[in-house]
Amino acid sequence: MPAAPDFPPAPDRVPVRRALISVSDKTGLIEAARTLAELGVELVSTGGTRKAIADAGLAVKDVSDLTGFPEMMDGRVKTLHPIVHGGLLGVRDAPEHRAAMEAHGIGAIDLVYVNLYPFEQTMASGADYETCVENIDIGGPAMIRSAAKNHGYVAVCTEPSDMAEVLEALKAEGATSLSLRKTLAARAYGRTAAYDAAISAWFAATLGESAPKRLAFAGELVQTMRYGENPHQAAAFYRFPRPPAPASPRRDSCRARSSATTTSTTPTRPSS
Amino acid sequence: MATGVSLAEAYDRALACDPTSAFGGIVALNTRLDAATAAKVLEIFTEVVIAPDADEDAVALFRKKKNVRLLVTGGLPDPTVIGPTFKSVAGGFLVQTRDTSRLTPADLKVVTRRAPTDHEVRDMLFAFTIAKHVKSNAIVYAKAGQTLGVGAGQMNRKDSARIAALRAADFGLDLSGSACASEAFFPFPDGLIQAADAGCTAVIQPGGSIGDDKVIEAANERGIAMVFTGVRVFRH
């Protein structure tokens with residue numbers, strides 16, 4: 001277990017100078033981007049998200065402008081770059097980190113708003129195997145996890161309601177608080193855990209495994225309860241994610257193909 | 001469930017509570033299984049015995065029997081460890097913190113004119129601990145560290161009290177001077193009256209019903225010592 005380096009304590013209030021936005025669900029995106037722009041936040045984005053923000057007449061940089069690397073491999077590789085992850089993970093107040101950021105031209109990213117390729121919905125819709133695989137988001141969870149780890153400096157949002165909370169804080173305080181960033185980080189890891197749980201469940205179902213070595217599933221909080229069986233027991237009600245079991249003929253097509261011919265598959269390009 | 005000066009005696013006393021249901025049952029021990037107890041257990045058809053540990057000669061006895069499984073856990077789980085428990089519901093699940101509640105004599109509030117004797121206090125706590133692990137509605141009669149009657153899973157408490165007494169009578173167990181535990185409050189005096197009529201002299205229950213006064217009055221009329229725990233231990 002690596003010991004924690006002797007970092008200076010994280011600041012409570014962190015202003016947001018630069019935000020990275022890459023969303024599949026664009027609900028409220030333009031409003032959020034506009035508010036950030038009005039607050040003087042520099043916007044960086046990817047693919048479809050960048051286009052949507054630009055089309056709304058807002059200044060936005062493409063992540064490729066930062067990294068100097070083009071988006072490649074059908075979008076599989078676009079944010080997986082030290083410029084992005086260094087900007088997320090760098091401990092601003094640690095002299096060595098600061099020096100590395102300066103030496104390599106890594107600019108800090110203070111806010112990340114990423115919601116993931118809709119793997120769960122794609123899988124539930126009975127999409128074919130290749131489409132399901134192509135909708136496994138890699139760059140998104142990586143950015144979420146980097147940002148969440150560095151919650152001392154970075155605020156991470158994975159759904160519109162998170163973003164709304166951050167915007168409220170920025171409008172009221174001009175900064176995010178450490179407690180808000182911690183809350184967001186905890187939610188973010190819950191989100192990526194649920195996402196991976198959905199992927200592993202889909203894989204297990206595809207392979208016909210009824211007892212996978214690790215059975216992961218994520219409940220979604222519906223509501224907390226007044227109490228459990230007894231008043232001294234805290235309780236909450238969780239909803240299951242949609243079952244991954246292939247039931248309809250369409251879902252059966254989600255099974256692995258043995259040949260390499262992937263003729264009719266046109267992966268719906270994730271929109272970010 | 002029962003205690004004893006030896007494990008074999010505890011087993012005998014537990015078995016006496018309901019020898020009918022013990023057929024094809026599971027025996028759980030909280031101490032090392034010895035040969036004397038193993039021999040007793042093997043006298044009737046038993047599916048599983050679970051114990052923290054077992055003596056070699058006890059294990060040898062089990063080896064001779066084909067259809068009995070002996071599970072050795074290597075220890076006892078700590079009942080005070082917090083953690084989640086789950087209940088399935090359609091489309092999801094309920095998560096709750098484990099019921100780690102434990103009672104000591106100091107937690108008990110005497111609500112009747114007569115205070116319980118030390119023996120009654122011990123029996124009440126023993127009965128209440130068992131009631132905690134019985135499906136609701138639960139009524140448990142116990143005396144001197146022996147369970148005498150269990151009424152489980154009924155729609156109302158009065159029926160549980162009646163069934164618990166009925167079981168005790170079926171197996172020739174005398175409820176006079178026993179303690180009665182109810183895992184939730186008696187809403188009406190009827191359940192308590194049932195227990196008193198069966199011979200119990202001490203009642204332990206959470207209290208907190210709007211009918212408490214009437215239940216206390218019924219207890220006083222019958223010379224029952226009753227304590228409130230303030231803690232309910234439903235298990236559904």
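**A:Ser22 has A:Val114 of S4(A) standing opposite.** This is a predicted model, in which local features need pLDDT of at least 70, side-chain atom pairs count only at pLDDT 80 or more, and totals for chains, interfaces and linings use all residues. Residues are numbered from 1 along each chain as its sequence is written, chains are lettered from A and ligands numbered from 1 in the order in which they are written, and side-chain values use heavy atoms, with hydrogens and water left out. Strand S1 (residues 18-23) and strand S4 (residues 111-115) of chain A run parallel and are joined by five bridges. Strands (E, at least two residues) and helices (H or I, at least four residues) are DSSP runs numbered from the N terminus, and two strands pair if DSSP finds at least two bridges between them.

**A salt-bridge network links A:Arg18, A:Glu42 and A:Lys61.** A salt bridge places a side-chain nitrogen of Lys or Arg within 4 Å of a carboxyl oxygen of Asp or Glu. Side chains of opposite charge can pair when their charged atoms come close. Over all chains, a search of the whole structure finds 22 salt bridges.

**A:Arg187 and A:Glu165 join their side chains in a salt bridge, 3.0 Å from N to O.** A:Arg187 belongs to helix H10 (residues 178-206) of chain A and A:Glu165 to helix H9 (residues 160-173) of chain A, so the pair ties together parts 22 residues apart in sequence. With a relative accessible area of 33%, A:Arg187 is partly exposed. A:Glu165 is also counted as partly exposed, at 32% relative accessibility. The classes rest on relative accessible area with a 1.4 Å probe and protein chains only: buried is under 20%, exposed is over 50%, and partly exposed lies in between.

**B:Asp12 and B:Lys40 form a salt bridge within chain B, with the closest N and O atoms 2.9 Å apart.** Helix H1 (residues 7-17) of chain B holds B:Asp12 and helix H2 (residues 35-41) of chain B holds B:Lys40, so the pair ties together parts that are 28 residues apart in sequence. B:Asp12 is partly exposed at 32% relative accessibility, and B:Lys40 is partly exposed at 26%.

**Chain A and chain B meet through 17 residues of chain A and 18 residues of chain B.** Contact here means heavy atoms within 4.5 Å. The two chains bury about 1,400 Å² between them, with 49% of this area on carbon and sulfur atoms. Of the area that chain B buries against chain A, 42% comes from B:Phe93, B:Gln96 and B:Arg232, more than from any other three residues. Buried area is the accessible area (1.4 Å probe) that two parts lose on being put together, summed over both.

**One salt bridge is counted between chain B and chain A.** The side chains that meet are those of A:Glu229 and B:Lys87, at 3.5 Å from N to O. This pair crosses between chains, from the loop between strand S6 (220-224) and S7 of chain A, which holds A:Glu229, to strand S4 of chain B, which holds B:Lys87. A:Glu229 is buried, with a relative accessible area of 13%, whereas B:Lys87 is partly exposed at 29% relative accessibility.

**Chain B and chain A have 14 residue pairs in polar contact, both residues at pLDDT 80 or more.** On the side of chain B that touches chain A, the elements giving two or more residues are strands S4 (84-89) and S5 (92-97) of chain B. S5(B) gives the most to this side, with six residues. By class, the side of chain B that touches chain A comprises seven nonpolar, six polar and five charged residues. A polar contact is a pair of N or O atoms within 3.5 Å; within protein, one must be able to donate a hydrogen and the other to accept it, and residues adjacent in sequence count only if both atoms are side-chain atoms. Nonpolar residues are Ala, Val, Leu, Ile, Met, Phe, Trp, Tyr, Cys and Pro, charged residues are Asp, Glu, Lys and Arg, and the others, Gly among them, are polar.

**Strand S7 (residues 235-239) of chain A pairs with S5(B) in the antiparallel sense over five bridges.** A:Ala235 stands opposite B:Gln96, and A:Arg239 has B:Gly92 as its bridge partner in S5(B). B:Gln96 is also the bridge partner of B:Thr85. S4(B) and S5(B) run antiparallel and are joined by six bridges. These strands form a hairpin with two residues between them, and B:Gly91 in the turn has a positive phi of about 80 degrees.
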